[in-house]
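Hi everyone, thanks for making time. Let me put the structure up on the screen, and then we can walk through it together.

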Amino acid sequence: MEIDGIQIKKVASVGAGVIGYSYALKFAMAGLDVWAQNRTEESSELARERVAASLESLVKNGVYTEEESAAIAGRIHYTTSIAEAVAGAQFIQESSAEHYEVKWGLVRAIEAAADPTATIASSTSGLLVTEIAKNAKHPERFCGGHPYNPPHLIPLVEITKGEMTSEKTVERAKAFYAAIGMEPVVLQKEALGFICNRLQMALYREVANLVLSGVCTIEDADKAVTFGPGIRWGIMGPSLVFELGGGKGGVSGLMNHLYDSISLWLADMADWKSFPPEFAQVAQEGVDAELAARAPEVGNDPESLAQYRDHMLIELLKLHKKL
Ligand SMILES: NC(=O)c1ccc[n+]([C@@H]2O[C@H](COP(=O)([O-])OP(=O)(O)OC[C@H]3O[C@@H](n4cnc5c(N)ncnc54)[C@H](O)[C@@H]3O)[C@@H](O)[C@H]2O)c1
């Protein structure tokens, strides 16, 4: 794989926990040699077990043969040394704990051993890239590469820039993620929660409002999303959905036509700046009731639900030609 004239021969996943093991797997699934770093042998063993379990599920769902799965697993090398993981790597994904102090230590250790032309992306969910890279010798080569869990299955990656991040770094990260089959989006300026978490929480705020004001149950809100807009959003985004919904007028026709009506809905909807504290318990009780009513084949406890989700996700990803 060649990115911006650089041959990508080795990549590193520093901090191979929940996100880092899955990123390592994604890189290996794309045919790359990966060094997955953990602080202890025990954590490396856990990462190895997680890789094996994820590959087993991919084999069970017909994505890979046993031989392909073994070849992918064989491309992941485990180490407790950051220097060994990053030396000679052209792309480095950092997925350590979400604290500035930890990330600063990692930045120092990575820069001490990494090739000066390596691109370094942080999986951070909410820390500022500017702050993470503030003590770096080369802050221009740091960016954010925020995945959705698990990155070996969810294609989206949100690329964020710090004040010192160079355009070259953003372009290289974007090209790299695209080349391994992910779907990068670049945030043109910093936004708390990035794009996706904001969208998720905007919708979930209204779920809470509908449930707390007695309009529907948690189960019916879930059903409404799953078998209504959600099933379309798995295919295309809301603006494209509305483009079709607007007929000849497209999305602008739809927005103009429904303007007055939408304004009435918006005026009636929640615009809270925080969730009512009682909602967490209401949501839990609603989910418990919903799970109890589900058929076992679609998952009726957290474990079978996760298996069902992964199976459906894999089938959808196959349709999207992402697996
Ligand atoms: N879990 C998610 O759903 C999710 C989603 C997107 C992004 N992220 C981000 O990914 C990063 C990792 O999250 P995670 O859920 O994989 O966490 P995790 O706890 O599973 O893994 C963290 C890794 O960092 C290492 N680590 C912890 N403290 C360290 C220290 N002091 N020095 C060096 N290494 C240390 C751990 O050994 C482990 O390998 C975070 O920045 C998080 O915000 C998480």
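Domain 1 and domain 2 bury about 840 Å² between them, and 62% of that area is on carbon and sulfur atoms. Please keep in mind that this is a predicted model. The domain assignment puts domain 1 at 2-186 and domain 2 at 196-319. Taken over C-alpha atoms, the centres of the two domains are separated by 31 Å. Twelve residues from domain 1 and ten residues from domain 2 take part in the contact.

Which residues in domain 1 lose the most area to domain 2? They are Asn61, Tyr148 and Leu153, and together they make up 55% of what that side buries.

You'll find Pro150 in the loop between strand S8 (142-147) and strand S9 (156-160). The peptide bond leading from Asn149 to Pro150 is cis, and its omega is near -5°. As background, most peptide bonds are trans, and most residues other than glycine have a negative phi.

Asp4 has a phi near 55°, which is positive in a residue other than glycine. Asp4 is located in the loop between strand S1 (2-3) and strand S2 (6-7).

Side chains of opposite charge can pair when their charged atoms come close. Here the side chains of Asp4 and Arg172 form a salt bridge, at 2.8 Å from N to O. This pair ties together distant parts of the chain: Arg172 belongs to helix H7 (residues 167-179), and Asp4, in its loop between S1 and S2, is 168 residues apart from it. Over the whole structure, the search finds eleven salt bridges.

Helix H9 (residues 218-227) packs with helix H14 (residues 279-293) at an angle of about 70°, and their axes are 8 Å apart. From H9, the residues in the contact are Ile218, Glu219 and Asp222. From H14, they are Phe279, Val282, Ala283, Gly286, Val287, Glu290 and Ala293. By type, this contact has six nonpolar residues, one polar and three charged.

Technical notes. Residues numbered from 1 in each chain as written. Predicted model: local features only at pLDDT ≥ 70, side-chain atom pairs only at ≥ 80, totals over all residues. Heavy atoms only, no water. Axes fitted to C-alpha atoms, helices over the stretch in contact; angles between N-to-C directions. Helix = DSSP H or I, 4+ residues; strand = E, 2+ residues; numbered from the N terminus. Contact = heavy atoms within 4.5 Å. Nonpolar A, V, L, I, M, F, W, Y, C, P; charged D, E, K, R; others polar. Domains from an automatic or database assignment. Buried area = accessible area lost by both parts, 1.4 Å probe. Salt bridge = Lys/Arg side-chain N within 4 Å of Asp/Glu carboxyl O.
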